[in-house]
Amino acid sequence: MQNKQGIIFDMDGLMFDTETLYYKATQEVADKMGFSYNFATYEKYIGVSDEEVWQAYHEMYDPLYGQQAVNEFINESFERAVELFEAGAADVKPGLKELLHYLEEKKIQCCVASSNQRKIIDILLEKNHLSEAFSHVVSFENVKKAKPDPEIFEKAAARFPFSKEELLILEDSNNGVLAADQAGIDVIMIPDLITPTPAIKEKTITILPTLNEVFSTLEK
C-alpha cells in the first residue's frame with residue numbers, strides 16, 4: 001500500500017471517542033425528561049446521519065410524548081453533547097496523533113469526511129490542536145445523502161489531485177465501509193462500538209484494533 005498519497009478519515013468513533021459522549025448526553029436528557037431510552041436504542045443509529053436519527057426519534061417518541069417534547073429532547077441532547085466536546089471530554093483515539101505525524105513526514109495528505117456538522121468537527125479538531133493536520137474537510141453540510149451512500153467519499157476524493165487507487169479511507173462503522181466500497185476506494189476498518197459482520201469484513205482491506213496498526217499496513 002505504499003502508493004497511497006491521500007488518506008480520508010471518518011471522525012466519530014475513529015479519531016475521537018465521541019460515540020460514548022453522544023450516548024451520555026442523550027441518556028442524561030432522556031432521564032431528565034422521562035423518555036424511555038437506553039444504549040440499545042442509541043446503538044441502532046451509530047454511523048447514521050443526524051437527520052435520520054432525529055426522524056427516527058420522532059417516529060418512536062411523538063406518539064408517546066408529543067412532537068414538541070421530542071424536539072426539546074433532540075435539541076437539549078445536542079447542546080449537552082456540544083458542552084462536553086467544548087470541555088475537552090472527547091478522548092483522542094489511540095494512535096491518531098502518531099499516525100498523523102507519520103503521514104506528515106511521508107507528505108501524505110489527509111482529509112476528514114464526517115457526517116457530523118462542521119461546527120462539531122471544528123470544535124474537536126481545534127480542542128486537540130489537529131486542524132492543521134487536515135488539508136480538507138467534508139461535512140454534513142456538503143452532502144445530500146448520508147452513508148452508506150458514497151457521496152461524502154466521492155466529494156472527499158475530488159478534493160485530492162490523486163486517483164482513487166492512490167487514496168485510502170479509515171472507517172469505524174459498517175455504513176462507512178459500505179460507502180467506501182460503493183465509492184470504489186480502499187478502506188481499512190478500525191471498529192469502535194459495532195462489531196463488523198462477515199459481509200462487511202469482505203469489503204475491507206483489513207480490520208485493525210487501533211490506529212496504531214495502520215503504520216505497518218501502509219508500509220506493505
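Modeller: Keep in mind that this is a predicted model; the chain is divided into domain 1, covering 6-17 + 91-219, and domain 2, covering 19-87.

Biologist: How far apart do the C-alpha centres of domain 1 and domain 2 lie?
Modeller: The separation between those two C-alpha centres is 25 Å.

Biologist: And how many residues of domain 1 are in contact with domain 2?
Modeller: There are 18 residues of domain 1 in contact with 18 residues of domain 2. The size of an interface is often given as the accessible area lost when the parts come together, and between domain 1 and domain 2 the buried area is about 1,600 Å², with 62% of that given by carbon and sulfur atoms.

Biologist: Which helix gives the most to the domain 1 side?
Modeller: That is helix 6 (residues 118-127), which supplies five residues to the side of domain 1 that touches domain 2.

Biologist: Changing topic, which strands does strand 1 pair with?
Modeller: Strand 1 (residues 6-9) pairs with strand 2 (residues 109-113) in the parallel sense over four bridges, and four bridges also join strand 1 to strand 4 (residues 167-171), again with the two running parallel. As for individual partners, Gly-6 is bridged to Gln-109 in strand 2, while Phe-9 has Leu-170 as its bridge partner in strand 4.

Biologist: Are the residues of strand 1 buried or exposed, and which ones point the same way?
Modeller: Gly-6 and Ile-8 point one way from strand 1, Ile-7 and Phe-9 point the other way, and all of these residues are buried.

Biologist: One more spot, Glu-151: where does it lie, and is it buried or exposed?
Modeller: Glu-151 lies in helix 7 (residues 151-158), and Glu-151 counts as buried because its relative accessibility is 17%, with the cut-off for buried set at under 20%.

Biologist: So what does the side chain of Glu-151 reach?
Modeller: The Glu-151 side chain reaches the backbone nitrogen of Lys-144 at 2.9 Å, and a polar atom of that side chain also lies 2.8 Å from the backbone nitrogen of Lys-145. Leaving aside residues up to four places away in sequence, Glu-151 touches Asn-142 and Val-143 as well as Lys-144 and Lys-145.

Technical notes
Residues are numbered from 1 along each chain as its sequence is written. This is a predicted model: local features need pLDDT of at least 70, side-chain atom pairs count only at pLDDT 80 or more; totals for chains, interfaces and linings use all residues. Side-chain values use heavy atoms; hydrogens and water are left out. Buried means under 20% relative accessible area, exposed over 50%, partly exposed in between (1.4 Å probe, protein chains only). Two strands pair if DSSP finds at least two bridges between them. Domain bounds come from an automatic or database domain assignment. Contact means heavy atoms within 4.5 Å. Buried area is the accessible area (1.4 Å probe) that two parts lose on being put together, summed over both. A polar contact is a pair of N or O atoms within 3.5 Å; within protein, one must be able to donate a hydrogen and the other to accept it, and residues adjacent in sequence count only if both atoms are side-chain atoms.
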